[in-house]
Amino acid sequence: MDKLPQAQSELREMDTLAAADSPVHRLHPICKLSVTLLYIVIVVSFPKYDLSGLTAMVLYPVIAYQMAGIPIRLCFRKLRYVLPLVCAVGLVNPFLDHTPFVTLGSFTVTGGIISMLTLLFKGCFSLMASFLLIATTSIDSICAALRKLHVPELLVTLLLLTYRYIGVMLEEVGIMSQSYRLRSPGQKGIHISAWGSFLGQLLLRSMDRAQELYSSMLLRGFRGEFFYAQGSPFGFGDAVFLLGWGIAFLCARRWNLPAVAGSIFVR
Amino acid sequence: MIQFKNVSFSYAPEHPVVENLSFSIQAGESVGLIGANGAGKSTIMKLMLGLLQGTGEISVGNIPVNRQNLSEIRKKVGFVLQDSDNQMFMPTVYQDMIFGPRNYGLSPEETERRVDKVLSRLGLMELKFRHNHKISGGEKRMAAIATILAMEPEVILMDEPSTALDPVNRRTVINTIRTLPQTKLIASHDLDMILDTCQRVILLSHGNIAADGDTKDILRNQSLLEKHRMELPLCFQRRV
Amino acid sequence: MHMADALLSPAVAATMYAATAVTVGTSVKTLRNDENLAKLPTMAVTSALVFAGQMINYTIPGTGSSGHLCGGMMLSALLGPQAGFLSMVVILTIQSLFFADGGLLALGANCWNMAFYGCFVGYYLLWKPIMGSKLFAKLGTKATGRAKIILACVLGCVVTLQLGAFSVVLETTVSGISELPFQAFVGIMQPIHLAIGLVEGLITSAVLVFVYEARPELVMDAPIGEAGLPSKCSLKTTLIILAVVVAIVGGGLSLAASSNPDGLEWSMFGNTEAGYSENMGLDEEHYGLSSGAAEIAGSIQEKTAFLPDYAFVNSESAAGTTVSGLVGSVLVGGAAALICVLGGFFRRRKATV
């Protein structure tokens with residue numbers, strides 16, 4: 001049950017990061033969202049043997065993290081969510097794909113090894129990019145951006161409300177699990193006899209909370225619409241950021257930039 | 001300002017929560033609503049806001065509380081909930097504060113002006129863009145009051161505004177309540193707070209008014225309070 | 001079961017996004033009336049709770065391991081399929097944004113794999129029919145409701161997780177990411193998720209039964225009425241009996257699911273063979289003598305062309321265990337290496353700071 005405090009502190013950390021100020025923080029959320037999505041799409045679209053070409057893509061997160069003033073190591077902790085499945089899939093490649101690729105002395109690098117590395121890099125890179133997005137953009141700006149992109153009101157409102165109550169619920173579940181643990185020494189989790197009542201209790205209480213919440217919304221004139229802070233409009237800087245990186249990504253995808261750079265020194 | 005005339009309400013006919021209740025509150029008055037658990041304090045507030053429908057007549061500022069007038073009533077009456085987490089449902093304090101005014105048709109600029117006015121008056125400017133789940137309990141309670149003040153209501157209802165606060169935060173909330181010029185109705189078990197904030201007290205018992213009068217008179221009456229499952233405010237208790 | 005961005009090709013990711021978007025659109029349309037405005041806070045609070053509840057470990061009796069909660073089935077049982085789906089989408093979005101659990105690009109696929117199956121398939125195919133059926137009618141209102149909830153939850157979670165796991169395999173394979181043959185991948189994923197589904201189903205049903213006992217009106221389609229006769233068998237016994245039944249049923253299901261692709265392979269193989277024998281027949285008709293040679297050539301061709309596949313199919317279980325063993329050991333090795341590297345990285349960083 002140690003996941004709960006961890007989730008709470010992670011959530012708080014993300015909020016703190018997003019509340020900071022930097023050139024990246026000040027960008028329009030739609031701009032950041034587009035760049036991030038474009039980046040991930042391009043990273044993922046690299047062919048499985050194009051490891052050297054893919055490495056050029058590391059430059060965007062590295063540069064953007066520096067611009068945002070966020071230490072890059074923060075995002076690596078999140079890798080534990082991404083790695084398991086990627087590894088499970090990627091790590092079998094070397095055993096199944098024996099196409100010889102490069103021979104380094106007596107060791108032959110097979111296609112499987114290359115494709116495995118490519119896969120792992122893709123996983124890391126896309127994680128770095130999406131972490132950067134959320135570490136520099138608050139949930140309300142993201143929701144405001146989603147509304148501007150015509151994502152249905154109901155879904156965006158639900159996202160906003162759910163995000164708000166995740167903090168509350170983590171706390172409630174945390175208190176409950178603590179009181180459970182204090183009275184059940186040596187147990188690692190919830191015993192079968194309490195499977196239903198543990199979350200069930202909280203669920204019943206949450207229903208009452210939802211009722212209160214709805215009253216509070218009605219009392220302030222709720223008619224299905226939420227309002228967001230008026231951010232600055234999509235400016236020149238946003239356009240430059242979007243276009244610049246867009247072109248850079250496309251170039252990196254079209255030409256193998258590391259190979260080009262390498263060929264200057266190696267003849 | 002507030003009129004209750006023969007109001008009754010019950011969830012099940014055999015257990016009336018509020019029975020044949022009549023009272024009135026003048027504009028600018030501060031009234032404490034006290035009584036044991038289940039005496040009907042919250043029910044009265046919910047009836048006033050049209051969240052519950054009973055029988056009899058209720059009016060606020062000469063507007064009868066009924067389905068047609070709901071939005072007008074709710075614009076006039078602000079309700080500070082007991083659990084600020086239920087009141088503050090948006091991610092940031094700012095978003096919560098603009099929610100009411102914008103819903104009632106205020107322009108973004110006017111809303112912005114109101115938000116700043118309320119926050120600076122309560123000395124909460126630094127909370128403006130803070131996240132609701134990251135501010136302390138005391139700050140949250142003050143912010144909840146601010147969201148209601150941003151709607152500029154004529155009447156403020158408060159449900160247990162001083163619970164679960166440390167002494168300093170409690171004092172801050174009390175002092176804030178004292179400076180509010182609006183008509184106030186405060187339901188609480190914190191009799192010392194009632195003593196500090198209200199001139200008049202209505203003592204409820206099983207949905208009926210057991211006593212209605214000057215705060216000091218009622219809160220000094222030990223036998224009356226004990227009869228209704230309460231005790232003297234701490235400041236009137238003789239230390240042993 | 002959260003897919004990462006790296007496991008999908010852009011085309012597959014876009015397709016899954018489109019499928020999810022359409023489902024979101026229709027769900028929003030269904031819910032778009034004032035009556036459901038009141039549902040919004042309930043949806044938000046419930047999905048926040050499910051999110052938090054997913055972090056709790058539930059001890060599985062008799063084993064050292066623990067299970068977790070399955071969101072989709074529970075949300076659609078409490079909120080209805082459309083609202084449940086939207087809530088799941090929101091949960092998955094927050095997981096992908098704030099916890100990097102599942103990627104941004106893979107969000108569409110994740111919503112489909114977990115939310116769509118869990119909410120719509122689980123609700124319309126299993127929950128609603130079972131709750132509406134006359135099953136266990138003899139037990140009395142409450143006990144009937146309880147038994148039906150358990151059955152629907154366990155079956156629902158098992159089936160929807162099997163579908164989800166199968167989709168993960170399908171999406172990854174179509175994306176051309178893995179060298180792992182389709183059958184082997186399916187052979188690993190389906191049984192794992194059978195076990196997970198079972199436990200998730202039991203946890204979900206335990207929670208829903210609790211809610212049903214306290215406030216029956218909160219559970220969709222559940223029988224409401226006077227408290228019926230006291231139930232004959234306790235909740236625990238029912239749970240155990242059902243677990244056994246479902247293990248058998250689910251095992252069959254999973255087997256069918258994992259043998260299905262083999263069937264596909266077989267039919268492809270069969271077709272080619274048919275084509276080949278047609279050729280052979282031609283040969284025989286015209287050149288009676290050389291038919292032997294043709295046969296030999298044919299058998300050689302058959303061997304070279306299908307031998308690897310054949311061998312794999314025949315010894316699938318053996319190959320399956322070898323592959324999973326290898327994956328397991330490599331995983332451990334990889335994790336260890338990673339920890340070392342990261343640890344060293346941080347130490348050096350701290351030293352320099």
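Predicted model: local features only at pLDDT ≥ 70, side-chain atom pairs only at ≥ 80, totals over all residues.
Along the principal axes, the C-alpha atoms of chain B occupy a box of roughly 50 × 50 × 30 Å. Of the 240 residues in this chain, 47% are buried. Among the contacts in chain B with a separation of 6 or more, 65% are between residues 24 or more positions apart.

I turn now to one sheet in chain B. Strands of a sheet pair through backbone hydrogen bonds, and the pairing may be parallel or antiparallel. Here we have an open sheet of four strands in chain B, with the order 2-1-4-5 and antiparallel pairing. Strand 2 (15-25) and strand 5 (63-64) of chain B are its edge strands, each pairing on one side only. Within the sheet, strand 1 (residues 2-12) and strand 4 (residues 55-60) of chain B run antiparallel and are joined by five bridges. To give one residue pair, B:I2 has B:V60 in strand 4 of chain B as its bridge partner. Helix 1 (residues 41-48) of chain B lies across strand 1, strand 2 and strand 4 of chain B. The angle between this helix and strand 1 of chain B is about 115 degrees.

Next, the contacts between chains, beginning with chains A and B. Here 24 residues of chain A are in contact with 28 residues of chain B. On the chain A side, helix 1 (3-19), helix 10 (139-148), helix 11 (153-182) and helix 12 (195-219) each supply at least two residues. Helix 12 of chain A gives the most to this side, with seven residues. By residue class, the side of chain A that touches chain B divides into 11 nonpolar, five polar and eight charged residues.

Finally, chains C and A. This contact takes 72 residues from chain C and 77 residues from chain A. Several elements of chain C give two or more residues to the side touching chain A, among them helix 1 (10-31), helix 5 (81-98) and helix 8 (182-214). The largest share of that side, 13 residues, comes from helix 3 of chain C. The residues of chain C on this side comprise 52 nonpolar, 15 polar and five charged.

Definitions and conventions:
Residues numbered from 1 in each chain as written. Chains lettered and ligands numbered in written order. Buried ≥ 20, exposed ≤ 12 C-beta atoms within 10 Å, placed from the backbone. Contact = placed C-beta atoms within 7 Å. Nonpolar A, V, L, I, M, F, W, Y, C, P; charged D, E, K, R; others polar. Pairing = 2+ DSSP bridges. Axes fitted to C-alpha atoms, helices over the stretch in contact; angles between N-to-C directions.
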